[in-house]
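Welcome to this tour! Open your viewer, get your selection tool ready, and follow along one stop at a time.

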Amino acid sequence: MDAFLSALVFQAGYNTTVVSIGSAILGASAGAIGAFVLLRKRSLVSDTISHATLPGLALAFIFMALVTGDGRWVGGLMIGAAISAGIGLVVVEWMVRHTRLAEDAAIGSVLSVFFGFGIVLLTVIQSMETGRQAGISDYLVGSTAGMLRSEDETIAIAALVVGAVIFVMRRSFTLVCFDQEYAAVRGVNVRLTDLVMLGLLLAITVIGLKVAGLVLIVAMTIIPPVTARFWTDRPEPMPIIAAAIGAVSAYLGAIISSLDGGLPTGPLIVLVAFGVFIASMLFSPRSGLFAGNLRKLSFRHDVHERQGMLALARGKRIRDPVTLRILQRKGLVRRDGVATPQGQAAGAEVVRDEARWALYCRLYPEEAAGTTHQGVTAIKEALPPDLIADLDRRLSLQQAQP
Amino acid sequence: MSNDFVQLSLMPLAIGVLACIACALLGNFLVLRRQSMIGDAVSHVALPGIVLAVILSGTLDVGPMLVGAAGAAIVAALLIELVRKVGNVEPGAAIGVVLTTLFASGVLLLEQTDTSKVHLDVEHALYGNLESLIWLAGDSWGSLLDPQALAEIPPQLPRLAIVLVAVSAFIAIFWKELVIGTFDTAFADSIGARPQGVGFGLIVMVAVAAVAAFDAVGSIIVIAMFICPPSAARLMTDRMPAQITWSVVFATLSAVFGYILAGYGPLWIGATSSVSAAGMIATVSGIILGIVCFIGPKRHGIRGAGALSAAPAE
């Protein structure tokens with residue numbers, strides 16, 4: 001635990017610090033680009049990208065091992081991975097455009113075939129005399145333990161560059177995500193923007209391979225954005241929140257992994273992110289489970305109260321026990337169900353509100369459809385006082401000339 | 001040579017073919033229903049279930065593994081529904097969240113276990129151990145008639161045979177409901193064909209086939225077989241029975257050529273050791289799909305329909 005705390009505040013040595021900061025930058029960039037990909041409804045594309053990196057990774061390893069004798073140079077592996085993931089993306093696009101297969105079938109087949117071929121190449125590496133497979137199997141589930149300092153720095157800088165590009169492109173991304181036609185009218189090149197988005201996704205996948213592993217890097221681009229959706233409805237803060245969640249998850253995951261050298265980083269990062277996801281799903285004030293249930297309960301309470309008061313005003317007997325309890329607590333009815341003076345006054349007020357609202361709906365149907373008023377709260381919460389006064393004037397005129 | 005073949009290659013080959021056909025049969029419906037990623041999800045989430053079963057039972061026996069994997073599949077299905085409904089998350093992202101999390105817990109569990117006691121690792125889960133399913137007692141073709149030798153065939157073979165029979169029976173019995181439900185859910189509902197029930201049955205069969213095949217051939221081949229042969233078959237014909245036939249043909253070709261290429265191919269070009277059979281089978285199925293994409297007679301379908309098909313029907 002002490003070791004954990006000291007790592008948390010950068011006291012656990014230079015390497016751990018660089019690894020955790022690098023992972024945090026990576027997590028932030030992955031979360032931010034993932035947010036746009038999620039809004040574009042293409043989350044599963046990142047699954048294709050990550051699986052399709054394997055053959056390129058293996059081929060780069062074999063090539064470098066044959067030429068230089070050591071295949072573990074991280075830059076070369078990244079280039080190989082990027083090329084084969086790019087080919088995978090192109091194949092998916094081509095299949096969707098030129099054959100009758102749907103996108104899910106194209107994604108699934110490319111993903112599994114590329115991965116299968118990658119596995120074939122991995123077994124080739126295993127049998128090679130120069131093949132030190134230790135380096136390459138780290139890329140399956142991720143490992144920050146024993147990373148070289150130069151590797152750390154490469155990853156951190158590359159992730160930072162990607163993050164900067166995302167920041168520059170954020171407006172076009174948002175436009176394209178929400179309204180392609182409008183974006184095109186505004187002069188945004190939709191196809192190019194899409195390409196850049198996928199390119200950045202590809203770049204972050206490749207950069208993150210070593211940290212998170214290729215089976216799980218996809219989670220870093222999916223879970224933080226999905227979590228961010230619980231906290232906001234607006235497109236501007238969403239990538240920022242996703243980036244923050246991604247950064248925290250990756251940072252904690254990398255630290256826990258560095259403490260116990262045997263644990264792969266990828267799963268740790270994913271589980272931390274999932275923890276944040278669950279917490280958000282339960283406790284988010286906007287759309288969390290608890291907040292949602294509280295809202296539902298309070299809405300039910302309002303409906304019972306409102307209907308009860310209407311019944312009082314109309315002199316009807318209330319039989320529903322929940323309604324009775326609510327009204328009793330407010331002192332609107334006596335224990336035997338008869339309205340108190342306050343109850344009668346409140347009932348009359350509700351009836352008047354109903355009449356006001358009905359008139360408002362008739363006079364201004366479009367505005368009425370646009371409000372969130374559902375007729376269970378007092379009308380003065382939905383309409384300004386001068387409008388209510390105007391409605392009252394019209395109502396009394398109506399009553400004067402029946 | 002031929003006795004070697006019986007001893008070393010006959011069983012893996014037969015197991016590969018059975019697994020491929022079982023998955024491909026079900027895959028036809030997944031591909032048509034735009035549910036291809038379910039095969040992907042099932043094969044990912046089986047991992048934690050299997051690992052947990054191995055830890056709890058302390059053996060590599062198949063019974064607990066199947067129970068564990070089936071349990072994990074059910075948990076995953078519930079979680080995906082929960083995330084979708086409670087979190088109001090779109091289906092693709094919900095699948096992504098749940099399957100990566102479950103796979104991550106599986107990997108962590110694996111790393112925590114004492115691997116010296118039971119042999120199970122990530123590589124095993126990813127690419128299976130098809131090559132190791134040898135039949136030591138079968139020293140010649142005559143052994144196929146020898147009850148004593150037959151008693152020692154790898155247990156995966158009869159298990160996959162049973163699964164294949166079950167899958168075929170499921171498709172044969174519910175053929176009408178499956179086909180109607182696949183093409184027109186509303187119509188199926190209106191005539192009482194219970195599309196939801198049959199759809200759920202399909203997912204259960206997919207999980208059963210995936211788990212049975214998983215242990216023998218690993219998870220990649222499972223995903224590839226659910227998707228590639230049926231996709232290729234879909235580009236060959238417009239008729240459902242013909243598509244199923246084509247998918248079985250493609251699955252068999254992939255299994256046979258994939259296994260042979262993996263086992264003997266490297267020897268032909270002078271290498272000394274073979275490569276992963278599961279990976280090679282997936283590769284061959286991809287090559288077949290690639291060829292069919294260029295020459296399949298029905299590869300285009302209705303012109304322009306491709307643009308409309310991007311959004312999956314819910």
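Select Cys228(B), which is in no disulfide; its nearest cysteine sulfur belongs to Cys293(B), 9.7 Å away. Cys228(B) counts as buried because its relative accessibility is 1%; buried means under 20% relative accessible area, exposed means over 50%, and partly exposed lies in between (1.4 Å probe, protein chains only).

A word on what you are looking at: this is a predicted model, where local features need pLDDT of at least 70, side-chain atom pairs count only at pLDDT 80 or more, and totals for chains, interfaces and linings use all residues. Residues are numbered from 1 along each chain as its sequence is written, chains are lettered from A and ligands numbered from 1 in the order in which they are written, and side-chain values use heavy atoms, leaving out hydrogens and water.

Next stop, the aromatic rings.

Trp94(A) sits in helix H4 (residues 74-98) of chain A and Phe294(B) in helix H12 (residues 277-295) of chain B, so the pair joins two chains. Helices here are DSSP runs (H or I, at least four residues), as are strands (E, at least two), numbered from the N terminus. Trp94(A) is partly exposed at 28% relative accessible area, while Phe294(B), at 56%, counts as exposed.

Now pick Phe29(B) and Trp175(B), an edge-to-face pair with centres 6.4 Å apart and 80° between the planes. Phe29(B) is in helix H1 (residues 2-32) and Trp175(B) in helix H8 (residues 175-183), both of chain B, so to speak 146 residues apart. Is Phe29(B) buried or exposed? With 0% relative accessibility, Phe29(B) is buried, whereas Trp175(B) is partly exposed at 28%.

Finish in chain A. Highlight Phe230(A), Phe274(A) and Phe277(A), which ring pairs link into a cluster.

Conventions. Phe/Tyr/Trp six-rings, centres within 6.5 Å; stacked < 30°, edge-to-face > 60°. Disulfide = S-S within 2.5 Å.
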